[in-house]
Amino acid sequence: MAIRRGRGVAAINYPTGMNLGGDPTQALVHSTPTGNFMVTLSSVDLGQGMKQIMAQICAETIGVPTDRVVVDTADTDTGPHCMGTFASRGTHRAGNAVIQAAREARQVMLEVAAEELEVNASDLETDGQGNILVKGAPQKSISIFDVALSAHFKRGRSISGRGMFLIPRSYPEKETGAMKPSTCYAHACTVAEVEVDDETGEVTVLTVKNVFEIGRALNPKMVEQQLVGGSWMGISHALYETTEPYYPNRDHGGTDFNQYLMPGPGDLAETEIIVLERPSADGPYGAKGPGEMCANPQIPAVANAVFDAVGVRIDTLPITPERILRALKAQAAN
Amino acid sequence: MAKVPVQFTLNGSEKAEFVDSGTTLLHALRDKIGDTSPKGGCHQGSCGACSVIIDGELRLSCLTLAETCDGAVISTTSGLSDSGVLHPLQRAFLDTFATQCGFCTPGMIMAAKVLLDHTPNPSRDEVVEALSGNICRCTGYEPIIQAVLTVARSNSQNAA
Ligand code: FES
Ligand code: FES
């Protein structure tokens, strides 16, 4: 009876969004009278940072500082249509919709500025600080604040735009089964090192080394935050989480989240995260969906590491001490 | 059912309420007084989201009856910032990206504050121990541990 070490590797290919019945998200952008911009969505921020990213995307597209943008994700009953924030689709789908809406709003903004400055709208550019300048003659400029006032009170224009992003449903070709279920894939690879006690079946994850390829990281610190949390969650899925951890039958199962196991702050593996940025062709500023896939590759990596350590293949999650001991017993019997 | 009067100090101001006997402090704070910074995660004492500080001790407000708090001094996360200036722990949680959905954050901050009040310069193990009654679904804990250690380090620099 001994503590045995093992190392496992796994790589994954993760589609952004889903292919169930067409995958749309819409967005509306409008300016307030003082030249701040509202993004209206019904894509929900549940902590992943949706609002921050949509504010960045809108600001970048219109050419204003991020703090001039307010994102309202208030109500799925009344907001522009969004399928929801799941399937790692939020940044990709809503981001593209916001770009389209912000472009249209920017165009109106430049038209109003052009009238005020008596130049062509195509001769104007933004400085990213809240001003619109004549290209090549930056002394001729107007603030976006003044442009918004003019639009609202003088010229009767609405500085606004509509955005729609749709990935249509892809059906398999009859003959070959070929289809295009996703337009954009993120990738990840994990190497996990474990110790398995072959007497108790207990697994300790020593290190997890992850590489994530996520398109362009629109907010690198938030990406890192998501990946660190996700890596931990992957270990949690591999070894702990289930609604039926008890035996021999369902009557002994957990009844609420108090009996739902997750590793705590004392059970953390040494974790390394490396981010690769390969901008996607159809992502907003090259982004993909890093959300869910950050908790995926750890699971097969841990299963492979357990196999490397004690020679048994566990194909049911989570990999509990009981499952390992049963497998070891079966192995010894053969 | 007869109401029970309770009076306590919450984040420096006097509060007086009539509560039903058996009302939890969590319910009294959130639904009667309107301080929603303690969160109700499990209502059974296992997640730590409802943590508050009562007379200097970390307590689970979901397991504390409001009527037992008569005369107590209670702090919650909503009382930590000082005229708009964030408490060092709040600042550190922001700077280390130690909060995602934020549901665990007030409880984590309360647990960390009690630790640092008693042990201004804790070891990593002491931080882990102090946070081990609080569950976080999002962060993987490491950023939270780092946030607390950041404040601990600046405490020790200030002391030096
Ligand atoms: S709500 Fe009090 S410990 Fe969970
Ligand atoms: S940040 Fe979501 S539970 Fe901790």
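**Close-up views of the contacts between and within chains A and B**

View 1. Helix 4 (124–131) and helix 5 (142–159) of chain B each give at least two residues to the side of chain B that touches chain A (helices, H or I, of at least four residues and strands, E, of at least two are DSSP runs, numbered from the N terminus). That side of chain B divides into 12 nonpolar, seven polar and three charged residues (Ala, Val, Leu, Ile, Met, Phe, Trp, Tyr, Cys and Pro count as nonpolar, Asp, Glu, Lys and Arg as charged, and the others, Gly among them, as polar). One salt bridge is found across this interface, and the side chains of A:Glu241 and B:Arg137 meet in a salt bridge at 2.6 Å, N to O (a side-chain nitrogen of Lys or Arg within 4 Å of a carboxyl oxygen of Asp or Glu). This is a predicted model, in which local features need pLDDT of at least 70, side-chain atom pairs count only at pLDDT 80 or more, and totals for chains, interfaces and linings use all residues. Residues are numbered from 1 along each chain as its sequence is written, chains are lettered from A and ligands numbered from 1 in the order in which they are written, and side-chain values use heavy atoms, with hydrogens and water left out.

**View 2. The area buried between chain B and chain A.** About 1,600 Å² is buried between the two chains, with carbon and sulfur atoms giving 59% (buried area is the accessible area, with a 1.4 Å probe, that two parts lose on being put together, summed over both). Of the area that chain B buries against chain A, 43% comes from B:Phe97, B:Gln100 and B:Arg137, more than from any other three residues. The contact draws 22 residues from chain B and 22 residues from chain A (contact means heavy atoms within 4.5 Å).

**View 3. The two domains of chain A.** Chain A is divided into domain 1 (3–16 + 182–333) and domain 2 (25–165), with bounds from an automatic or database domain assignment. Their C-alpha centres lie 39 Å apart, and the area buried between these domains is about 1,300 Å², of which carbon and sulfur atoms give 58%. A:Thr16, A:Pro284 and A:Tyr285 supply 41% of what domain 1 of chain A buries against domain 2 of chain A, more than any other three residues. Zero salt bridges are found across this domain interface, whereas eight residue pairs are in polar contact, both at pLDDT 80 or more.

**View 4. The two domains of chain B.** Chain B is assigned domain 1 (3–79) and domain 2 (88–159), and 22 Å separate their centres, taken over C-alpha atoms. The area buried between these domains is about 1,100 Å², with 66% from carbon and sulfur atoms. In domain 1 of chain B, B:Ile53, B:Leu58 and B:Thr77 lose the most area to domain 2 of chain B, together 41% of what that side buries.

Note on methods. Polar contact = N/O pair within 3.5 Å; in protein donor to acceptor, adjacent residues only side chain to side chain.
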